[in-house]
Protein chains: 2
Amino acid sequence: MAKEKVCVVGSGNWGSAIARIAALNVKKHSDIFEEEVTMYVHEEEVDGEPLSSIINEKHENVKYLSGVQLGSNVKAEPDPIKAIKGATALIIVVPHQFAEKVLEGMKEHLAPGARAVSLIKGVKAKGDKIYTYPGIISSILGIRCSALGGANIATEVAQDQFCESTLGIMPEGMKSDDQNSLSDADLWFKLFDTPTFRIRTVPDVDGVALCGGLKNVIALAAGFSDGLGWGSNTKSAIIRIGIMEIKDFCVHFFPKVKAETFLEESCGLADILTSCISGRNRKVAEEMIKTGKGFQELEKEELGGQSLQGPQTAEQLHKFLEARRDEVRRSNGFPLIENVWKICYEGMSPEKLIEGL
Amino acid sequence: MAKEKVCVVGSGNWGSAIARIAALNVKKHSDIFEEEVTMYVHEEEVDGEPLSSIINEKHENVKYLSGVQLGSNVKAEPDPIKAIKGATALIIVVPHQFAEKVLEGMKEHLAPGARAVSLIKGVKAKGDKIYTYPGIISSILGIRCSALGGANIATEVAQDQFCESTLGIMPEGMKSDDQNSLSDADLWFKLFDTPTFRIRTVPDVDGVALCGGLKNVIALAAGFSDGLGWGSNTKSAIIRIGIMEIKDFCVHFFPKVKAETFLEESCGLADILTSCISGRNRKVAEEMIKTGKGFQELEKEELGGQSLQGPQTAEQLHKFLEARRDEVRRSNGFPLIENVWKICYEGMSPEKLIEGL
């Protein structure tokens, strides 16, 4: 069996943390993987030096995951074509707004038999269609794509604090179609599972991607509740209703998605919980209430103009629901999602968050 | 149709809060209910005056829910026989350790056609059997008993903060068996549902009772995690695993119980969340770690000797699992429940909480 060659496409906070895990596991499973893990680094200068050079000297991403040794077998590479050369296991973890451009640039240069796993958060809505990133990756690269998601704050994962993550696999990737290669499920499990980063596999790639893509809308609702000084009964009710709405939304519009992925797995329940307790979207939503500022203003002030995922997602879901209005009218609708959108974009009073629930 | 007469059996923090809700709803549905709601008060003196007299003068339970008007139609009654006289709708909300004695004293004096709903937290294990309070109430009183549970901190409910609660009904109580009376489901829904205290009904009385009975074992685990300074990835993983263990435990030993009650309803997911974020068991568990004291010592120091629910429940589940060891060995076991028990009673190091998960 030819060895698998791993490339991490992306080098932010989460990309660096997952490169470290992959670098440990390729050594552990040296019968399956080549020892070098390449990491595509969007080049930038840090104190006058290229980030990729710093990573290759210090084995540390000083800008996005400082203080953590990635492993001497992680090789940073600023040229995307070189980075993926010969790579058969692609971990896609670029910010969603850059994903399509990066993938388009790579698609002619893929190694034969390459497979991908998406760690990208977010969804893409266009008119009356909504797409997940594993689906987008699959269609641009023409290869199978799995998904990984869970209650996985990068800095905690990098410290080997105990946590779980969910691996979503396409049904055809659950078993190997050829005795000379691993199934998708086996490949990614062996690359990610450690004693403190526990992988559970589910045959539901879109479910895993959608949980991570939509959770921040609930986190905003939880943050509004905190900002209004509402108690824990109310916050728990909002989180419960949020989980159910997102689950119902996805099961309705993605008929193959499984409710259990949302209700039972780390990528659902546990990740939503973490986002509602300590996530960035929750925090900004709380500040919107306490300061009276809009999210756009707080993005400028506190995130250096970086966009917050929650409002963007709420906007995408709202437009999608508008485009499918006839269909939605026949169901119970999604009042929490719509109320979050109205508070973010229409100036609705946050006290009305629970209206119509 | 003869009007229903409501009696709240119990007058603690939660009993008083629910008496207030019932007192509002009997007036709203005056075609169904008699206006007076009696409340059985275990008599005690407050500043030299009987608590029941104070409640009847001030319409306020100054000891257990101070600052809240219960409604002038709530009548406190220290004699249990007088309290339940003519009552057809019994809300049982005494602490679980007194429940059987109180019920035994009442059973000869029930009004014809009486029905009950249990708000008691806890379970009762005896050898290789485990009982829920709706079951115990049904068998002592010989009447049908439903259950109410959810993310319902009493003081927040008393302030009309938005929340949800789950009503668990026996299958035979979902529909009326006689056109002259309401079904159990309708009776309790009309007595409890308000715009800010939202009732969702499920045909699963034991599931609702078990969620509230077992949740504090997870709350202890969450508190240990907090005390150890573990991050939110780990805490979310522990909560997720806890929900799944409790669900699996109940589905295994109570075959009629429905998984959805744990995963989708306020009495499950949302109540467990609240207990893991702001409950008393969570807090004491955190202090066990920070002070190195046992829970018994903290009960004396901080709860005036009152017993904490979590350790008691862990002990009951442990004994029950011991008695059913052969059966448990064949399943995956319940490592989180057992680890919580070992930390509480066997001096196991709390860092081992995640062992075997």
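How many salt bridges does a search of the whole structure find over all chains? The search finds 44 salt bridges over all chains. The model is predicted. Chain A divides into two assigned domains. Chains B and A meet through the same surface, because 100% of the interface residues of chain B are also interface residues in chain A.

**A salt bridge within chain A**

- A:Glu44 pairs with A:Lys63 in a salt bridge. Their closest N and O atoms are 2.7 Å apart.
- This pair links distant parts of the chain, 19 residues apart. A:Glu44 lies in the loop between strand 2 (33–40) and strand 3 (45–46) of chain A. A:Lys63 lies in the loop between helix 2 (51–58) and strand 5 (74–77) of chain A.
- Side chains of opposite charge can pair when their charged atoms come close.

**Domains of chain A**

- Domain 1 of chain A covers 2–202, and domain 2 of chain A covers 207–350.
- Their centres, taken over C-alpha atoms, are separated by 26 Å.
- In the contact, 25 residues of domain 1 of chain A face 26 residues of domain 2 of chain A.
- The two domains of chain A bury about 1900 Å² between them. Carbon and sulfur atoms give 65% of that area.
- One salt bridge is counted between domain 1 and domain 2 of chain A. A salt bridge also joins the side chains of A:Arg200 and A:Glu265, at 2.8 Å from N to O.
- Nine residue pairs are in polar contact between domain 1 and domain 2 of chain A.

**Interface of chains B and A**

- Chain B and chain A each bring 36 residues to the contact.
- About 3100 Å² is buried between chain B and chain A. Carbon and sulfur atoms give 55% of it.
- In chain B, the most area is lost to chain A by B:Phe162, B:Asn233 and B:Arg240. Together they make up 25% of what that side buries.
- Two salt bridges cross the interface of chain B and chain A. A:Arg240 forms a salt bridge with B:Glu164, with the closest N and O atoms 2.5 Å apart.
- The count of residue pairs in polar contact between chain B and chain A is 22.
- Elements that give two or more residues to the chain B side include helix 6 (154–158), strand 11 (163–168) and helix 9 (232–253) of chain B.
- Helix 9 of chain B gives the largest share of that side, eleven residues.
- The side of chain B that touches chain A divides into 18 nonpolar, ten polar and eight charged residues.

Methods:
Residues numbered from 1 in each chain as written. Chains lettered and ligands numbered in written order. Predicted model: local features only at pLDDT ≥ 70, side-chain atom pairs only at ≥ 80, totals over all residues. Heavy atoms only, no water. Domains from an automatic or database assignment. Contact = heavy atoms within 4.5 Å. Buried area = accessible area lost by both parts, 1.4 Å probe. Salt bridge = Lys/Arg side-chain N within 4 Å of Asp/Glu carboxyl O. Polar contact = N/O pair within 3.5 Å; in protein donor to acceptor, adjacent residues only side chain to side chain. Helix = DSSP H or I, 4+ residues; strand = E, 2+ residues; numbered from the N terminus. Nonpolar A, V, L, I, M, F, W, Y, C, P; charged D, E, K, R; others polar.
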